[in-house]
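Here is a protein chain to go through by question and answer. Each answer sets a value against its definition.

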Amino acid sequence: MGRLLEVKNLRTQFKTFDGIVKAVDGVSFYLDEKEIIGIVGESGCGKSVTQLSIMQLINRPGKIVGGEVWFEGKDLLKYKQHGPEMRSIRGGKIAMIFQEPMTSLNPVLTLGYQLAESLILHLKMSKEEARKRAIELLGMVGIPSPEDRIDDYPHQFSGGMRQRVMIAMALACNPKILIADEPTTSLDVTTQAQLLELMVDMVHKFNSSLILVTHNLGVVARYAQRIYIMYAGRIVEEGTCKEIFKRPRHPYTKGLLRSVPRLDVEGERLIPIEGLPPRLTDLPDQCAFLPRCPYKTEKCSTSPMPELRSVPGEGHKIRCYVDIPEVDYATV
Amino acid sequence: MPQSKNDVVLEVKDLKMHFPITRGLFRKVVGMVKAVDGISFALKRGETLGLVGESGCGKTTVGRCISRLYQPTSGEIYFKGKNIADVPEKELKPLRRNISMIFQDPYSSLDPRQNAGSIVGEPMVVHRLVKSRDEYKEKVKHLFEIVGLNPELTTRYPHEFSGGQRQRIGIARALAADPDVIICDEPVSALDVSIQAQIINLLMDLKSEGEKRLTYIFIAHDLSVVKHISDRIAVMYLGRIVELTTPRELYNNPLHPYTQALLSAVPVPDPEVEENRERIILEGEVPSPLFPPNGCALHQRCPIATPECSKTVPPLRECSEDHWVACLRI
């Protein structure tokens with residue numbers, strides 16, 4: 001397995017009247033070929049902005065202020081946002097599925113047109129070829145009688161169907177990387193299960209890699225090989241899926257796992273994370289989780305933000321000074 | 001409790017709520033959306049009933065019928081032995097005091113031009129539960145404390161609070177008139193994971209600590225949350241209850257094929273458990289409630305359906321003690 005994408009020290013900020021919002025503050029991660037990684041965090045932790053920065057889809061007042069995004073031996077952040085290189089990558093080699101299937105399709109264009117657009121643009125297909133391929137793709141994502149539905153408009157499809165079309169559209173040009181940003185959050189549970197299975201199947205079929213951005217710990221547990229946990233614009237824990245769920249070492253990850261009710265565990269009292277996430281305009285110099293942390297020590301309040309450090313376990317790193325006692329999550 | 005009959009706070013019998021679809025100038029009725037189509041259950045004092053199902057299954061409509069925000073098409077709703085389904089609008093005030101509601105979206109369910117204190121205190125004024133200004137202020141402060149908000153924040157406006165805090169304001173308002181039943185309509189689904197747990201714990205604490213023995217109807221689409229908080233769970237599909245039982249029984253021994261699929265669709269945050277779980281994925285999508293299928297509403301998607309299923313509507317019947325299922329094949 002080769003390295004496909006490497007993000008180094010990415011920083012994206014938004015200028016607002018309340019000050020500079022450090023939405024992404026030094027995020028580094030990598031993605032190997034044919035791998036599925038999960039990026040997990042609560043709203044406002046910077047997980048989506050990280051993905052938009054990779055695609056250079058950040059507009060004013062936002063700005064990518066630093067970092068590198070290495071893909072196929074090139075640093076994507078060196079390219080101009082609207083330059084031809086970036087345009088050939090966006091939708092061509094790296095594709096994205098957004099959260100809301102209702103708003104991410106153009107309501108006044110037929111699905112066939114929207115599907116064929118990227119085929120004609122990136123793969124230089126003729127109109128007829130693109131239409132044929134579009135029908136094929138719709139069939140692959142499980143739209144019944146695709147040759148009749150191709151000339152329909154988005155409003156004629158249900159939410160789940162639209163997200164299927166989004167998947168077809170994202171995979172149309174056989175991208176190397178698929179970024180799925182909360183792909184199923186607005187859908188019902190049974191539809192969610194259908195679509196995740198479909199998406200992962202398709203990613204395998206196209207030999208692509210997948211970045212799964214979500215707040216749902218169950219979804220990443222089911223599909224991801226490696227996980228990154230984000231809090232207040234930074235990665236606070238990374239490691240293999242099994243390792244993180246079995247031995248979470250960052251107090252935030254531990255707290256997150258303990259605060260979700262589990263279907264397979266009898267209803268004991270949940271242990272919530274007290275307090276609120278910090279405001280991104282005035283982040284403390286110390287650890288951002290400090291005010292909510294049950295394990296904090298003297299050192300945490302006097303030292304600067306901890307760096308990611310390796311802990312036992314394959315590729316397992318945490319951004320924390322404290323070695324919290326090792327207790328199996330299942331027995332907590 | 002002096003009499004055993006008093007134990008049942010709320011009883012719903014064959015509740016139906018059909019919404020007409022109208023067309024044209026004369027609003028001719030062209031169809032009926034059968035949002036709720038014959039639902040029955042009973043709730044004991046201090047019990048929590050979870051209502052789960054996917055969007056469009058009618059779970060919210062049930063809640064709104066019980067609180068009489070809707071006038072049900074037919075059926076009976078007994079609250080403390082009195083049928084409230086046909087009580088005229090004018091006489092609803094005492095009922096509204098006894099049955100209150102917590103809404104899903106803490107961002108749109110609070111009046112942005114009213115401060116937090118008056119949002120919470122309003123039910124007490126409306127129902128004349130306080131005698132003096134001082135008593136009112138005292139009670140509002142007390143409610144703030146109960147739900148874990150700083151009592152000094154009474155003069156702040158909703159936009160100054162976070163989502164979790166707003167939901168606490170919503171809960172305080174629901175408690176203000178000292179109700180018997182609280183209908184919680186997706187109270188945590190708009191909140192972040194770490195905040196969800198705070199609110200769930202608060203709701204559970206209110207029930208166990210208060211002297212009143214609150215009764216909840218907890219409406220949600222997230223089965224793991226419902227399982228955590230409920231004493232009994234009713235799984236709904238297209239306007240009907242398909243299975244009704246205790247959380248433990250529902251998880252260990254789900255009988256209805258829809259419940260089985262719903263359970264297997266909820267991912268568990270543990271990769272090792274996930275690896276060995278069996279997945280049942282239903283084909284297709286939920287049919288439109290405007291044109292519900294004949295017979296069992298699930299028969300087109302059901303893995304064990306027989307031709308009989310497309311003809312007969314399965315009744316809800318008791319399979320084992322306190323385990324009710326609506327399926328012909330079981």
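Q: Which stretch of chain A has a pLDDT below 50?
A: Residues 328-332 of chain A do. The stretch has eleven contacts in the model beyond near neighbours in sequence, a contact being heavy atoms within 4.5 Å. Where pLDDT is low, the predicted coordinates should not be read in detail.

Q: How is chain A divided into domains?
A: Domain 1 covers 3-224, and domain 2 covers 231-263 + 270-331. The bounds come from an automatic or database domain assignment. The domain centres, taken over C-alpha atoms, are 28 Å apart.

Q: How many residues put domain 1 and domain 2 of chain A in contact?
A: 20 residues of domain 1 touch 17 residues of domain 2. The buried area is about 1,400 Å², with 60% from carbon and sulfur atoms. Buried area is the accessible area (1.4 Å probe) that two parts lose on being put together, summed over both. On the domain 1 side, Asp25(A), Glu42(A) and Leu217(A) lose the most area, together 35% of what that side buries.

Q: Why is the pair Asp25(A) and Arg234(A) called a salt bridge?
A: The definition asks for a side-chain nitrogen of Lys or Arg within 4 Å of a carboxyl oxygen of Asp or Glu. Asp25(A) and Arg234(A) meet at 2.9 Å, N to O, so the pair qualifies. The count between the two domains is one salt bridge.

Q: Which elements give two or more residues to the side of domain 1 that touches domain 2?
A: They are strand S2 (19-32) and helix H8 (217-223) of chain A. Helices (H or I, at least four residues) and strands (E, at least two) are DSSP runs, numbered from the N terminus. S2(A) gives the largest share, eleven residues.

Q: What makes Pro61(A) and Gln56(A) stand out?
A: Most residues other than glycine have a negative phi, and most peptide bonds are trans. The bond from Arg60(A) to Pro61(A) is cis, with omega near 5°. Gln56(A) is not a glycine, yet its phi is positive, about 55°. Pro61(A) is in the loop between helix H1 (47-54) and strand S4 (62-71) of chain A. Gln56(A) is also in the loop between H1 and S4.

Notes. Residues numbered from 1 in each chain as written. Chains lettered and ligands numbered in written order. Predicted model: local features only at pLDDT ≥ 70, side-chain atom pairs only at ≥ 80, totals over all residues. Heavy atoms only, no water. pLDDT = per-residue confidence, 0-100.
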